[in-house]
Amino acid sequence: MWTLIKKEIVSGFLELRFQILTVAVVLLTILVVTVDVSEYKRRLDAYYADIKANQESIRKTKVYSMLTPKAIKPPQVMSIVSQGVELDVGNTVQISPPRIQYEATNIYNNNPYISVFSKLDVSIIFLWILSLAALLMSFDAVSGEKENGTLKLMLVGRVSRAEFLLSKYLVSLLSVSFLAIISIGIVMSVFAISTSIDFTSSLFVKFMMIFAVVLLYEAIWVGIGAFLSLICKSSATSLMGCLAVWVFFLIVVPNIINHLGDHIDLDKGREILQHEEEQITAEFQENKFKLQELAFSNVSMAMFTWYEPGEEQIFIEGANPETVSACKRYFRELYPLILEYAQKKHRATQRYFLQPFKRKVRLVHSYSILSPFSLTKILIMKVAQTSYEDYLNFLDQTVNYRNQILDYLHRKRAAESVRWFTPDPEDNPMYSMKFTPEEIAKLSEYYRKVANDQSRFLTLDDLPVFKYRWNKNQEILKDILPYTSLLVGSSAFLMFLGFWKIRKYDVA
Amino acid sequence: MKPILLLELRSMIHDLRLFIFMGVIAVLLSVGAFVSSRNYGKAIAHRNFIQQNYENGLTDKCRISLEAGAFDIGHIAMKRPNSLLFLVDGGWKDYPDLSVIWLNNQKVFGHYSKGNYYPKRSPRTEVTYFGFLKWDMMFIIQVLFSFMIVILTYNTISKEKELGTLRLVLSNSLPRYKVILGKVLAAFSVINVTLIIGILLELLVVVAIGKIPLESSVLPRIVFFYFVSSGYILLWVLLSVFVSCSFPRSTTCLVYLLLIWITLILIIPSMGKVFVDKAVGKIPSEAEIENVGTVLDNELMELWRSKKNTGYRGGPERSKDDGHLWERNSLLYINEFEERINRFQYSVSKKKIDQLRFLYNFASISPAFLYRRISEALTNNGVEREYRFLTSIQRYRKELMDTFKELDKRDKDSPHLAFLPRYMSQKPIDPGLIPRFKEIFPSSIDLLVESKWLIALFFIEVIALFLMCHISFLRYDPT
């Protein structure tokens, strides 16, 4: 059998179709990796710029109510291999007490128009080109030999039918694996020499996981090709069958999978959530108004400027001691109310949007088993950490980060201090404003002078910083194991079918 | 040529592949029509939801005052879903379809990047990993028809050579160009019949489901779409025959054709993203847009401070003694600020569409994408519609401002300082007087004229392929 395998390997590698495919894979990989590495660099630069802007914004914060740090997810380097949904979903969440955001904004994709263009990543080569290659190497495994008249000769010798078929499987798989190794080798080399990529052992393990998944995927296509070669009378018919199956599993079934989760209508959930949020906000405004009436009943509000851009951000300039005490009373009562209503909104968000979203993601993942293409694509995304699950994981981490910020504010007793709402000292001399031109000019001049006074900025060196936690390789492996076993089972089943069929195959 | 044509037709009709192809296409088109009808229904429901929210909000604000109706609500400009969605998807889910117009930039909570009238996608959440895939007829023709054509015709010449029948065909007195023409026409005719049946089937299903209203004005567009699709089919037939003439073995022809297919359908259209920033320029980030707004804001403040006797006093009661003099002076600067920030925001929005146009131009290197582009243009989708939408939004904004100014003039108690907060009419108004957004739709002939150069280019490509095919076969060695 080993002689047969060696002979098959040599003849397979020398075939024109294999050489064409090798050149195509090499050229495409180089092109795609070049494109994606420069795209990744752009995203990395945008990420660092955003981190810097965030730090600067925190440094310039004057009052605690305006403290809105950002939780920013770094770009995933393995998105070069599989972009997944990385550019479709957001990566930045603004943290603030009144709001638990349920959607992230996207700093990388600031042009929604161009998102219609397909993602070009290395997984296209694995999923589209290599599957085609696997079929083209195996569609005439048996029928081709029969048409040439060499099948009878091969089986007359000491080689059994099963050994013959096994050698065909192995050679086809080896040829396609060779193409996969070349492709992955090129990508890893680029990673190793690129200055913006830190090629760690963890990344290497990810590549090995992807290679294993791709190998199983190709094994399925080799199995399909070989099986069709056994059941079709001619190579031409076998080829047609292979391509029909290819189109079915790569285009038709995934298109259907897109719609199988449609009964979970997230847009409807969003609409319901909007109504719920409006009701919760109305209730909050009512209670807030009552607190305002209580706190400011005997206080003149005309003596200071109250900026309220939204979401309970308060910034007061020109307050006097009387208004300062009233404000302190007010915000001391208001702050727990803000947190309570934020939680109410978050519970509604969980119920009408996030839980259905998670269910839909799980559903699409489970339906992906209907096609080896969709299953493999999702597995590669899971290893590369660019799937919807990783996005939802990021949102969960931002909620934890918000809790850290709230703990920090609680430790600082921020809501009870004047620094919640004003950078002015409690004995601010600028409290009498008569709205005359001279007074306005004096006030403007004063605030221009103190604009960069360091004492007016909060000291936030000990503010917790968001650090995104990537899943470890062991966790990823545990997650993909059940799905990978499906790929193993499918390829084993196809091999079994082939062995079963060849027992009674008419070699004449 | 007639005998060759009839012979080829007979052989194709007896080919099982053709019937499998027709069956698959029929199923896909029927499902596509059903999915498109459902998508259209969803798009209309979504639009109605947003419009209704706007109407309710506008009514509430107009009950308070004209000023509230002008300032305290974002005015909605939203695209209308295209009734030819089943033919050409046009990126209805992907392209921005909604604009929220605030008549005072400073009202947008100081966020210049989120502010005035940037077209954006209305809030939608999909869980789709396989986003390249669609159900409209244009996609099925672009991807599946072309694939099927490759499968049906890859061995048109090479198989005859392998079987030895090509020598027999060429040994008689029939000129070579007639042979090749016969083969091309036969394949084209058979697949074209499938196309016609497909379009009719799709129309039948759409009409039967009844969710998409089909007016007579869209009929010319369907006819244009048919002709362009026929051209696309011819292109792939010619390409397959050309490759079949270029290589002796059928398997080699197929491998090359499949690689060409993947390159034209998938690879080339995705490559433009590499160059877009260099070619058109980067889109400013949110931080950069905020910065522009802040710089303009600071310039304005500096200007105020440099002029004596200017300043906003926060309400007409405080400023009536001098006839709101400082506020009138302030308004000049505020209005200039508004216009400058709006010009900047318009330029950012336009640049985004310019990037899209660049990608379309680049991707049009692939005839498959060129076909898509022409189909979108003829059905009022694609790049030009995005430009038209942006222009319509600008026009609508001006219309809103003029209307509010006019309505404000009718109130004698108003200080008439549009659009300064608290200095417009505080009396309620009828919300019916506020204009609503109307998207302008060009006629079918206008769309055809707009796409003339694209169609000409497509036509040139088909002619070029035909000549290459012809020359290649004239030189073909049948032995």
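**Entry 1: the model and the overall build of chain B**

I am working from a predicted model. I started with the secondary structure of chain B and found 17 helices and two strands. Next I looked up the dimensions. The C-alpha trace of chain B spans about 105 × 45 × 40 Å along its principal axes. Its radius of gyration is 30 Å, while a compact globule of 479 residues would be near 23 Å. I then looked at burial: 42% of the 479 residues in chain B are buried. Last came contact range. I took contacts in chain B between residues at least 6 apart in sequence, and 82% of these join residues at least 24 apart.

**Entry 2: α2 against α7 in chain B**

I describe two packed helices by the angle between their axes and the distance between the axes. Helix α2(B) covers residues 16-64 and helix α7(B) covers residues 176-209. Their axes come within 9 Å and cross at roughly 30°. An angle under 35 degrees counts as roughly parallel, so α2(B) is roughly parallel to α7(B). The crossing is right-handed.

I then listed who meets whom. From α2(B) the contact includes Leu18(B), Phe21(B), Met22(B), Ile25(B) and Phe34(B). From α7(B) it includes Val190(B), Leu201(B), Glu202(B), Val205(B) and Ile209(B). I sorted the contact residues by class: 13 are nonpolar, five polar and one charged.

**Entry 3: α8 against α17 in chain B**

Helix α8(B) runs over residues 219-246. It packs with helix α17(B), residues 452-474, at an angle of about 25°. The axes are 9 Å apart. That angle makes α8(B) roughly parallel to α17(B). The crossing here is left-handed.

Among the α8(B) residues in this contact I noted Leu234(B), Leu238(B), Val241(B), Phe242(B) and Cys245(B). Among their counterparts in α17(B) are Phe458(B), Glu461(B), Leu465(B), Cys469(B) and Phe473(B). By class I have 14 nonpolar, three polar and one charged.

**Entry 4: Val241(B) up close**

I picked Val241(B) out of helix α8(B). Is Val241(B) buried or exposed? It has 26 C-beta neighbours inside 10 Å, so Val241(B) counts as buried. I set aside its neighbours within four places in sequence and looked at what else it touches. Val241(B) is in contact with Thr153(B), Thr156(B), Ile157(B), Ile180(B), Lys183(B), Val184(B) and Cys469(B).

Val241(B) and Asn329(B) are 88 residues apart in sequence. Their C-alpha atoms are 75 Å apart in space.

**Entry 5: two positive phi angles**

Asn380(B) has a phi of about 60°. It sits in the loop between α14 (367-378) and α15 (383-409) of chain B. With 24 C-beta neighbours inside 10 Å, Asn380(B) counts as buried.

For chain A I looked up Arg413(A), where phi is about 50°. Arg413(A) is in the loop between α12 (388-411) and α13 (437-450) of chain A. Which way does its burial go, buried or exposed? Arg413(A) has 12 C-beta neighbours inside 10 Å and therefore counts as exposed.

How values were computed:
Residues are numbered from 1 along each chain as its sequence is written. Chains are lettered from A and ligands numbered from 1 in the order in which they are written. This is a predicted model: local features need pLDDT of at least 70, side-chain atom pairs count only at pLDDT 80 or more; totals for chains, interfaces and linings use all residues. Axes are lines fitted to C-alpha atoms, for helices over the stretch in contact, and angles run from 0 to 180 degrees between N-to-C directions. Helices (H or I, at least four residues) and strands (E, at least two) are DSSP runs, numbered from the N terminus. Angles under 35 degrees count as roughly parallel, over 145 as roughly antiparallel, 65 to 115 as roughly perpendicular and the rest as oblique. A crossing is left-handed if the near helix is turned anticlockwise from the far one by less than a right angle, and right-handed if clockwise. Two residues are in contact if their C-beta atoms, placed from the backbone, lie within 7 Å. Ala, Val, Leu, Ile, Met, Phe, Trp, Tyr, Cys and Pro count as nonpolar, Asp, Glu, Lys and Arg as charged, and the others, Gly among them, as polar. The radius of gyration is taken over C-alpha atoms; the globule rule is 2.2 Å times the number of residues to the power 0.38. A residue is buried if 20 or more other C-beta atoms lie within 10 Å of its own, exposed if 12 or fewer, and partly exposed in between; C-beta atoms are placed from the backbone.
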